[in-house]
Amino acid sequence: MPFVRIDALHADNGRLEALGRAVHEAMVDAIGIPADDVFQVLTSHDGVRSMIRYDSGYLGVQRDDGIVFVSVTFRSGRTTEQKVALYKRIAELAEKYADVEPRNVVVNLVENQSTDWSFGNGVAQYIT
């Protein structure tokens with residue numbers, strides 16, 4: 001059960017939905033999550049009341065205000081090859097569905113254990 005957070009500047013609901021779809025489809029394709037396993041928080045920042053700060057040239061990648069941050073928290077166990085494939089697929093689909101240039105897609109993966117999840121009712125469903 002990956003938990004996804006996506007943050008973008010000046011994104012309308014359509015663009016946020018497209019980004020969510022891109023990330024979800026990439027996870028199905030690259031790391032084999034079930035198609036119905038969708039838990040996402042999609043946030044647009046207006047630049048006034050909420051902001052995104054970034055280095056426009058960090059590591060030689062030229063970014064602009066089309067930047068999108070994707071953070072995926074999931075249980076550990078994916079290989080390096082799966083993670084690299086996931087980065088690539090997210091960038092490809094973000095461009096296809098939301099017209100985001102791949103240079104503007106920043107992805108962060110956070111791994112944890114089965115004991116770190118509760119899906120409701122105060123129960124650790126993965127360990128009970």
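Predicted model: local features only at pLDDT ≥ 70, side-chain atom pairs only at ≥ 80, totals over all residues.
Student: Why is H1 called a helix, and how does its span compare with the expected one?
Tutor: Helices are DSSP runs of H or I with at least four residues, numbered from the N terminus, and H1, residues 13-31, has 19 residues. The expected span is 1.5 Å times one less than the number of residues; H1 reaches 26 Å from its first C-alpha to its last, close to the 27 Å expected.

Student: Why is glycine 32 called exposed?
Tutor: Exposed means over 50% relative accessible area, buried under 20% and partly exposed in between, with a 1.4 Å probe and protein chains only; glycine 32 has 55%, so it is exposed. Glycine 32 lies in the loop between H1 and S2, and just after H1 it takes a positive phi of about 75 degrees.

Student: What makes Leu19 part of a nonpolar core?
Tutor: Such a core is a set of buried Ala, Val, Leu, Ile, Met, Phe, Trp, Tyr and Cys residues joined through side-chain atoms within 4.5 Å. Leu19 is among the buried residues of H1, and in the largest core, of 26 residues, Leu19, Met27, Val70 and Leu86 touch the most other members. The largest share of this core, nine residues, comes from H1.

Key: Residues numbered from 1 in each chain as written. Heavy atoms only, no water. Helix = DSSP H or I, 4+ residues; strand = E, 2+ residues; numbered from the N terminus.
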